[in-house]
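This report walks through selected features of one protein model, from paired charges to strands and surface patches. Please keep the sequence and the structure at hand while reading.

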Amino acid sequence: MTRADALFVIHGGFEPSLLAKPLKKLCLRVEPAKAAQKFQILDCFDQSIRMSGDALVETSGSLLLFQFSGEVLAQNARGNGAFVQDLPDGAVKSALQGFPKLRALTSIGTGTLRVHEFSVLDGLQKTQVRGCVYALDSEVGKISIVFVQRLKGYDSAFSAVCTRLKGLAAKTNGADALFGTLFPDAVPYRAKPDITLSKEEPSIEVATDIIRTFLAVARQNEAGVIADIDTEYLHDYRVSLRRVRSVLSLFKGVFSTEQTIELKHAFSELMAPTGRVRDLDVYLLDKDRYFKLLPSDLYLGTEAMFAQFEKERLQALGTLSRRFKSAEYDRQLNDLTALFSDVGNLEPGPNASRGAYGYACALIWKRYRKVCKLARQITPETPDELVHDLRIDCKKLRYLMEFFGPLFDAGDFKTIIKPLKKLQDNLGLFNDCSVQQEALLEFVALQSNSQNRANAQLAMSVGGLVAMLYRRQKSERARVIANFQHFDSPNIRHLFRSLFHHKED
């Protein structure tokens with residue numbers, strides 16, 4: 001770990017000898033540069049480390065975390081392809097605790113690293129300032145990161161060095177300067193890009209913009225699915241297409257009936273092959289939780305079940321990857337991208353020209369009232385199917401609010417979205433428990449022999465898991481009821497009415 005009292009990011013190559021001129025009676029000592037090393041910048045797909053203002057470098061089996069607030073952390077580890085929680089304990093791992101747990105570290109770009117150490121000495125050869133230069137080169141640019149350490153009693157020398165470096169330093173944030181210089185094409189991925197809307201914009205243009213945007217997001221995830229970097233690539237791919245399908249479903253009358261039916265079918269076909277891989281991903285991600293639910297004497301059957309899941313996932317992912325790499329799939333996505341590249345390619349429906357603001361108010365108010373009507377019927381005895389229906393309606397309401405959010409006051413939207421998200425979280429867990437119970441029972445049935453006898457260890461393990469999931473499902477139902485009461489509070493009702501309920505609706 002290196003702590004600096006001052007840090008400077010300088011575009012281009014930087015030689016410590018450039019500091020000699022302002023030092024007057026002091027002299028500069030530069031150690032021989034260490035041998036050049038290959039490096040790669042690591043981050044996840046949406047560049048969470050960069051967004052936090054830092055940069056992670058892997059070189060020669062070590063990880064260096066440049067914290068541009070003034071510190072370099074180091075530890076031995078190989079990071080490419082790893083999850084942060086799987087790294088060995090060390091300074092870098094500790095500093096990255098906020099990194100997304102489901103995102104793997106992956107290479108953003110590569111280059112060459114050279115390290116120069118220097119010191120500033122007085123006439124008696126006493127060291128007054130220490131420093132280090134990390135010089136990083138890529139194919140398109142060079143940048144230098146200079147750390148300077150102040151030594152007690154030598155403020156004048158420290159000030160002279162810093163004054164010189166300030167005149168050379170980049171004016172932008174350190175992480176942005178580094179990425180912008182070395183890897184200018186490494187644009188951070190955004191699962192939910194901003195979409196500019198205006199109140200009078202025709203609804204068909206809004207729908208087209210949204211679909212075009214999320215089609216592009218889905219396509220950005222294909223390579224990550226094929227490479228099996230982490231499960232979030234497929235998750236984001238599916239969520240992007242789900243948003244597209246929700247536009248086709250919720251924006252009624254914007255496109256012609258015939259084209260809407262055709263497009264719904266096309267996007268349904270795209271989604272269908274991804275379902276089994278995602279289901280298996282969810283089971284495997286929950287593996288540790290499953291084991292915690294059971295006593296240790298039931299682990300044997302559970303291990304056999306997860307071994308089967310892993311085997312099936314490899315097969316299912318292979319099938320999906322071949323589809324993503326096929327010419328037919330590429331043609332289908334290219335055709336859809338071309339279709340939504342221009343609103344003139346689409347067939348307008350009766351609501352196509354309706355202004356975005358008025359249309360948004362009508363859609364959101366109607367969906368909100370439907371959610372409240374259904375949620376007020378939920379009791380501990382309500383059939384699961386109605387709870388599932390509420391989950392779907394809440395999701396549709398959330399999508400509508402996110403699509404049209406730029407048209408409304410951000411503070412009010414945040415106030416009403418927060419309790420909706422909490423309600424959705426409970427509904428999602430309720431649904432997961434229900435779906436997983438069904439899937440586990442189906443799994444045992446498929447493993448049974450011709451006499452309908454299942455392996456005893458497997459059957460006992462699954463039985464235990466189903467019982468625990470059922471108990472958790474009942475608890476989540478109670479939380480759904482409690483959290484809806486908060487969502488249905490007088491303040492939230494007033495905000496919905498004032499934002500979306502207008503007489504013309």
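Glu476 is buried because its relative accessible area is 4%, where buried means under 20% relative accessible area, exposed over 50%, and partly exposed in between (1.4 Å probe, protein chains only). The model is a predicted one, in which local features need pLDDT of at least 70 and side-chain atom pairs count only at pLDDT 80 or more, while totals for chains, interfaces and linings use all residues. Residues are numbered from 1 along each chain as its sequence is written, and side-chain values use heavy atoms, with hydrogens and water left out.

**Salt bridges**

The side chain of Glu476 meets that of Arg479 in a salt bridge, a term that stands for a side-chain nitrogen of Lys or Arg within 4 Å of a carboxyl oxygen of Asp or Glu. Both residues, Glu476 and Arg479, lie in helix α16 (residues 456-487), three residues apart, about one turn of the helix; helices (H or I, at least four residues) and strands (E, at least two) are DSSP runs, numbered from the N terminus. Arg479 counts as partly exposed because its relative accessible area is 42%.

Asp209 and Arg212 are likewise three residues apart, in helix α5 (residues 203-220). Asp209 counts as buried at 16% relative accessibility, whereas Arg212 counts as partly exposed at 32%. Between Arg493 and Asp488, which also form a salt bridge, Arg493 is partly exposed at 35% and Asp488 is buried at 12%. Salt bridges that share partners join Lys192, Arg243, Arg398 and Glu402 into one network.

**Strand β6 and its neighbours**

Strand β6 (residues 62-67) is mostly covered, with six of its six residues buried. Ser62, Leu64 and Phe66 are buried on one side, and Leu63, Leu65 and Gln67 are buried on the other. Strand β5 (residues 54-59) pairs with β6 in the antiparallel sense over six bridges, two strands being paired if DSSP finds at least two bridges between them. Leu56 stands opposite Leu65 in this pairing. Strand β7 (residues 71-76) also pairs with β6 in the antiparallel sense over six bridges, and here Gln75 is the bridge partner of Leu63. The hairpin of β6 and β7 has three residues between the strands, and Gly70 in the turn has a positive phi of about 130 degrees.

Most residues other than glycine have a negative phi. Ser60, in the loop between β5 and β6, has a positive phi near 50 degrees, and this residue counts as exposed at 58% relative accessibility. Asp228 has a positive phi of about 55 degrees although it is not a glycine, and lies in the loop between α6 (222-227) and α7 (232-250).

**Charged surface patches**

Lys414, Lys418, Lys421 and Lys422 form a positive surface patch; patches are made of residues with over 30% relative accessible area and no salt bridge, with like charges joined within 9 Å. Lys422 is in helix α15 (residues 410-447) and counts as partly exposed because its relative accessibility is 49%. Glu385, Asp389, Glu438 and Glu442 gather in a negative patch, to which α14 (384-404) and α15 each give two or more residues. Asp389, found in helix α14, counts as partly exposed at 36% relative accessibility.

Note on methods. Patches are made of residues with over 30% relative accessible area and no salt bridge: like charges are joined within 9 Å, nonpolar side chains (Val, Leu, Ile, Met, Phe, Trp, Tyr) within 5 Å. Accessible areas come from the Shrake-Rupley method with a 1.4 Å probe; for residues, only the protein chains shown count as cover. Lys and Arg count as positive and Asp and Glu as negative; His and the chain ends are not counted. The place of a charge is taken as NZ of Lys, CZ of Arg, CG of Asp or CD of Glu.
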